[in-house]
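Keep the 3D view open as you read.

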Amino acid sequence: DMTTFDDFEKIDIRVGKIISVEDFSEARKPLYKIKVDFGLEIGVKQSAVGATHNYSKKQLQGKLILGLENMLSKQIGSFSSEFLTLGVSDKEGHCILVSPDEDVPLGGKLF
């Protein structure tokens, strides 16, 4: 089934900056809990991200990432993941976060 341009325009992917990172010890697989600032329009949201193999908490602090904003929250135990952090698999299948390679404004929309 092919996606149309109208379908793509419904997806709201924005730039955010990770402002806090914690271990998610109660998760079944290794995850971090992150809080991300998406700028004035959207504000701060939280998510769980499976990036523990390739990133330390210190490496993630302050990192610009891309997040899918307009999706329903996902419950992971008692934690509510409010957006989807975008990443791709490395050759071992571990998460590499999608990140702008320039310092861009928070909340900027992918187009």
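Predicted model: local features only at pLDDT ≥ 70, side-chain atom pairs only at ≥ 80, totals over all residues.

The report below goes from the sheet to the cores and then to the pocket.

In general, strands of a sheet pair through backbone hydrogen bonds, either parallel or antiparallel.

Strand 4, residues 64-68, pairs with strand 7 in the antiparallel sense over two bridges. Strand 4 also pairs with strand 1, again antiparallel, over five bridges. The table gives some bridge partners to look up in your viewer.

| Residue | Bridge partner | Strand of the partner |
|---|---|---|
| Gly16 | Ile65 | strand 4 |
| Gly67 | Thr85 | strand 7 |
| Leu68 | Leu84 | strand 7 |

Is strand 4 enclosed or open to the outside? Five of the five residues of strand 4 are buried, so this strand is largely enclosed by the rest of the structure. Both of its faces are covered: one side carries the buried residues Leu64, Leu66 and Leu68, and the other carries Ile65 and Gly67, which are buried too.

In soluble globular proteins, nonpolar side chains tend to be buried together. Here the largest nonpolar core has 14 residues, and those with the most contacts inside it are Ile18, Ile34, Val36, Leu60, Ile65 and Leu97. Strand 1 (13-23), strand 2 (32-37) and strand 9 (95-97) each supply at least two residues of this core. Strand 2 gives the largest share, three residues.

Apart from this core lies another, of six residues, including Ile13, Leu64, Leu68 and Leu86.

Leaving out residues up to four places away in sequence, Ile34 touches Ile18, Ser20, Val21, Lys45, Gln46, Ser47, Val49, Phe83 and Thr85.

**The largest pocket**

The largest pocket has a volume of about 560 Å³. Of the 22 residues that line the pocket, Lys29, Leu31, Ala48, Val49 and Gly50 are the closest to its centre. Strand 3, strand 5 (74-76) and strand 7 are the elements that give two or more residues to this lining. Which strand gives the largest share of the lining? That is strand 3, with three residues. By class, the lining holds ten nonpolar, nine polar and three charged residues.

Methods: Residues numbered from 1 in each chain as written. Heavy atoms only, no water. Pairing = 2+ DSSP bridges. Helix = DSSP H or I, 4+ residues; strand = E, 2+ residues; numbered from the N terminus. Core = buried A, V, L, I, M, F, W, Y, C linked by side-chain atoms within 4.5 Å. Buried < 20%, exposed > 50% of the residue type's maximum accessible area, 1.4 Å probe, protein only. Contact = heavy atoms within 4.5 Å. 1 Å grid on protein atoms, 1.4 Å probe; cavity = no way out; pocket = protein on both sides within 12 Å on 5 of 7 lines; lining within 4 Å. Points joined across faces, edges and corners; volume = space filled by probe spheres on them. Nonpolar A, V, L, I, M, F, W, Y, C, P; charged D, E, K, R; others polar.
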